Amino acid sequence: MGLSLLAYLLLAITGVWMFRARTTRTSRPSWLRSLHYMFGGSLVLLVLLLLAIGIVGTLGHFGSLGHSSHLPAGLFVVGLVLLSATSAIFINSQPWMRSLHIGTNIILFLGLVWVSLTGWDVVQKYLP
Ligand code: HEM
Ligand code: HEM
């Protein structure tokens with residue numbers, strides 16, 4: 001989870017950098033986009049990994065899902081990350097996808113806070 005927060009932070013930094021370069025019409029280093037893409041790919045993998053661990057671990061431990069709002073929070077975050085990545089792929093051909101990409105990523109921040117808080121809550125249940 002720490003890694004995915006780091007990936008989000010790096011994506012925000014490289015993303016805002018690209019945004020500034022575009023709006024101020026200055027040039028941006030050619031590696032900036034690939035770097036942003038790489039961080040994006042890492043975020044997708046990390047979030048899917050956490051989802052798999054969460055579902056497999058909970059099923060193994062309880063045999064059922066949906067004990068708390070951590071489940072909807074987790075699905076929400078995974079959905080947003082996938083939407084963000086999909087919209088990103090089409091930014092070049094469909095410019096309005098850019099607003100979708102930026103919008104989902106702002107909501108994604110709230111989603112990450114939600115999944116962390118509810119995740120912390122279920123961790124407390126394991127502590128004696
Ligand atoms: C989910 C994985 C992500 C992928 C695969 C991804 C990929 C991309 C791509 C391909 C672009 C278009 C770059 C171009 O102009 O050619 C872009 C733009 C952008 N991304 Fe991401 N991104 C991801 C996540 C994020 C996150 C989490 C943030 C912010 C927190 C972010 C912020 C931005 C911003 C602000 C732009 C706009 C750049 C501009 O206006 O020119 N991205 N992203
Ligand atoms: C993107 C991040 C995450 C995703 C997608 C995710 C997803 C999930 C899912 C789908 C479950 C099964 C929940 C259920 O059926 O009730 C789960 C369980 C769990 N997750 Fe996460 N999770 C994430 C982050 C976290 C974090 C940050 C923590 C701890 C701080 C955490 C701790 C747990 C624990 C302890 C369980 C067992 C739940 C239970 O006993 O009901 N998760 N996770």
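Trainee: Which helices each supply at least two residues of the shell around ligand 2?
Mentor: H2, H3 and H4 each do that; helices here are DSSP runs of H or I, at least four residues, numbered from the N terminus. This is a predicted model, where local features need pLDDT of at least 70 and side-chain atom pairs pLDDT 80 or more, while totals for chains, interfaces and linings use all residues. Residues count from 1 along each chain, chains are lettered from A and ligands numbered from 1 as written, and side-chain values use heavy atoms without hydrogens or water.

Trainee: How many residues surround ligand 2, and which are the closest?
Mentor: There are 21 residues around ligand 2, each with a heavy atom within 4 Å. Phe 62, Gly 66, His 67, His 70 and Tyr 126 are the closest.

Trainee: What is the make-up of that shell by class?
Mentor: The shell around ligand 2 has 14 nonpolar and seven polar residues, and no charged ones. Asp, Glu, Lys and Arg count as charged, and Gly as polar.

Trainee: Which protein atom is the donor to the iron atom of ligand 2?
Mentor: His 70, through NE2 at 2.1 Å, is the only protein donor there. Donors are N, O and S atoms within 2.8 Å of the metal (3.2 Å for Na, K and Ca), and water is not among the atoms, so sites may look incomplete. His 70 sits in helix H3, residues 70–89. A polar side-chain atom of His 70 is also 2.9 Å from a nitrogen atom of ligand 2.

Trainee: And which oxygen distances go with Gly 66 and His 67?
Mentor: Both are backbone cases. A backbone N or O atom of Gly 66 is 2.6 Å from an oxygen atom of ligand 2, and for His 67 the distance from a backbone N or O atom to an oxygen atom of ligand 2 is 3.0 Å.

Trainee: Switching to ligand 1. Which protein donors does its iron atom have?
Mentor: His 36 and His 101, each through NE2, lie 2.0 Å from the iron atom of ligand 1. His 36 is in helix H2 (residues 31–62) and His 101 in helix H4 (residues 97–126), so the pair ties together parts that are 65 residues apart in sequence.

Trainee: Are those two buried or exposed?
Mentor: His 36 and His 101 are buried, meaning under 20% relative accessible area, with exposed being over 50% (1.4 Å probe, protein chains only).

Trainee: What is the geometry at that iron?
Mentor: The site of the iron atom of ligand 1 is octahedral, with angles of 89 to 179° among six donor atoms. The test for six donors is opposite ones over 155 degrees apart and all others between 65 and 115.

Trainee: Who else is around ligand 1?
Mentor: 22 residues surround ligand 1, and the closest are Arg 22, Arg 33, His 36, Arg 98 and His 101. Arg 33 has a side-chain N or O atom 3.1 Å from an oxygen atom of ligand 1. The elements giving two or more residues to this shell are helix H1 (2–23), H2, H3 and H4. H1 gives the most, with seven residues.

Trainee: Last one. Where is Arg 25, and what is its phi?
Mentor: Arg 25 is in the loop between H1 and H2. Phi of Arg 25 is near 55°, a positive value in a residue other than glycine. Arg 25 counts as exposed because its relative accessibility is 77%.

Note on methods:
Tetrahedral: all angles 85-135°; square planar, octahedral: opposite > 155°, others 65-115°. Polar contact = N/O pair within 3.5 Å; in protein donor to acceptor, adjacent residues only side chain to side chain.
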